[in-house]
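Welcome! Please open the structure in your viewer and get ready to select a few side chains with me.

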Amino acid sequence: MSNSTFKRILTILTAATTVSATAIAVPSAANAGAYGCRGNLVGSWRVPLKDLLTGETYYRSDIKLFYNPASGWNCAALVKRPGQARYGEKTPLFIEMYNERYAEDAIKNNHDREEGSFKYYAGPVKVYGKNLCVSIHAMHEDATGPYESYNGRRSLTGVACH
């Protein structure tokens, strides 16, 4: 096979791979509807994971928080980062959100959580937030087995006060 034929085949294969990857694309980070949310992106926070052998910190997921000013609802998801290890594989994820009235009356719309093994993101979790601050706890396990302990954690207290 000549060098020019090889380059042409490589170009075609690269294009085909790009088209295939685009066809199976998952939600974009700023698209609230992609995670079952409505509203505007309020913030995005990285969830640090620790390598239990080396102690190195790395980031494979982000908390995405959205707010809908018309309805007063906050919505959040824990989203795996494309291109990172175990993206597209089921790994244990946990996300929980509550508003500042949760401890007082613990009634409907003050707390929501989701936990399980997910390929791309956990959530959405939704709580009412007009004139209230919300707090979020998220955990990400980097293994594909049963969750014995999460090695990635992030807690945000009193964020998104609307």
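Predicted model: local features only at pLDDT ≥ 70, side-chain atom pairs only at ≥ 80, totals over all residues.

**A tour of the salt bridges**

Begin by selecting Arg 113, which is partly exposed at a relative accessible area of 42% (partly exposed lies between buried, under 20% relative accessible area, and exposed, over 50%, with a 1.4 Å probe and protein chains only).

Residues are numbered from 1 along each chain as its sequence is written, and side-chain values use heavy atoms, leaving out hydrogens and water.

How many salt bridges does the structure hold? There are four.

Next, select Asp 142 and Arg 60, whose side chains meet in a salt bridge of 2.4 Å, N to O. Asp 142 sits in the loop between β7 (134–140) and β8 (152–159), and Arg 60 in strand β2 (residues 57–68), 82 residues apart (strands are DSSP runs of E, at least two residues, and helices of H or I, at least four, numbered from the N terminus). Asp 142 is buried at 10%, and Arg 60 is buried at 15%.

For the last stop, pick Asp 62 and Arg 81, which form a salt bridge with their closest N and O atoms 2.9 Å apart. Asp 62 is buried at 9%, whereas Arg 81 is partly exposed at 24%.
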